[in-house]
Amino acid sequence: MSPLEVRPFEAADLADCGALLAARHRRHRAAQPLLSPRFEEVDAAVAELTTAFGTAEASGAVAFRAGAPVGFLLGAPKPSPVWGPNVWVEAAGQAVTDAEVMRDLYAVAATRWVDEGRSAHYVLVPAHDTELTRAWFRLGFGQQHAHAVRSVSGPVTPPPPRLAVRRATRADIPLLARLDVELPLHQGRAPTFSAGRVGTVEESLAEWADDIDDPAYATFVAERDGEVIGSAVGCALERSSSHSGPARPENAGFLAFAAVFPQARGVGAGRALGTAVVDWAADSGFDSVVTDWRVTNLLSSRAWPVLGFTETFLRLHRLVGY
């Protein structure tokens, strides 16, 4: 086999790397056909990669064998402090013809990232590609998050006895505000230990007063014996900045939020709320529904696959130096 040449990513590489990305996406859609067919086209893949390369402080690496491109890696930092001194490789940020090449690409790209003081690295990997995932694991990464999708058609589970789901009203705002706080509180506990900010009930009250009537969002509450115990929110996927490029199916709804009060967990309220959002998406003309979860969140990582969501991308994470 010809020796591997790896060098920093340059603007002149966009066309060749876009072709690699389009080929990767074709393989991905063979395993997950609900993803957008758009990025199977080289022109669309090049355009997406060009946008990523134009992100502030974007950098990466390209690999060649005998002069032919065999892989690329491209990342950029996010300004939010919650991610630490970071670099993100988004859904369009990598493709290889051989998974082992990714380890060489990362060695070159991460040298610059760490030299710049960016020690928190995040990467979105196509969920079907076990060899590529294993290559990232051998670079010290572990899985942090899952992105997933399901069709709006298919079996749905009726709510358990004594439990009902309905659309939220303005009268529900005090409980909706409390449930807004419950999710980040839960994520901050074991075994997730998320560092995300926990807002206040007062902040949520003000937001709900403005947003409860917004037709872009469908808000549901679950009641058990007439008492509200949980809530969920659905919207168009375009309203989520976390699902972009190859990770964004066409004409998809989004299960954006779901939370249940601690004392009411385990009775099926989360799945009933998720089902309500899927039904709403079907009635609204969407073809699929997308959601995501922390894999260390024991509740969501068990509830959403049971509801028929299958993984599309895995978010992997490495904190360099520890």
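Good morning. The model is a prediction, in which local features need pLDDT of at least 70 and side-chain atom pairs count only at pLDDT 80 or more, while totals for chains, interfaces and linings use all residues. Residues are numbered from 1 along each chain as its sequence is written, and side-chain values use heavy atoms, with hydrogens and water left out.

Let us turn to the strand partners. Strands here are DSSP runs of E with at least two residues, helices are runs of H or I with at least four, and both are numbered from the N terminus.

Is strand 7 mostly covered or uncovered? Mostly covered, as 7 of its 10 residues are buried. Buried means under 20% relative accessible area, exposed means over 50%, and partly exposed lies in between, with a 1.4 Å probe and protein chains only.

I now move to the rings. The whole structure holds 10 aromatic pairs. Rings of Phe, Tyr and Trp (its six-membered ring) pair if their centres lie within 6.5 Å; planes under 30 degrees apart count as stacked, over 60 as edge-to-face and the rest as tilted. Phe9 and Phe53 make a tilted pair, 5.2 Å from centre to centre with 35° between the planes. Why does this pair tie together parts that are 44 residues apart in sequence? Because Phe9 lies in the loop between strand 1 and helix 1, whereas Phe53 lies in helix 2. Phe9 counts as buried at 8% relative accessibility, and Phe53 as partly exposed at 24%.

A further pair is Trp88 with Tyr122, which is stacked because the ring centres are 4.6 Å apart and the planes are at 10°. Trp88 belongs to strand 4 and Tyr122 to strand 6, so parts 34 residues apart in sequence are tied together. Trp88 is buried, at 5%, and Tyr122 is buried, at 5%.

Finally, Lys78 lies over the face of Trp88, 3.6 Å from the ring centre. A charge sits over a ring if NZ of Lys or CZ of Arg is within 6 Å of the ring centre and within 35 degrees of the ring normal. Arg167 likewise lies over the face of Phe220, at 5.2 Å from the ring centre. Thank you.
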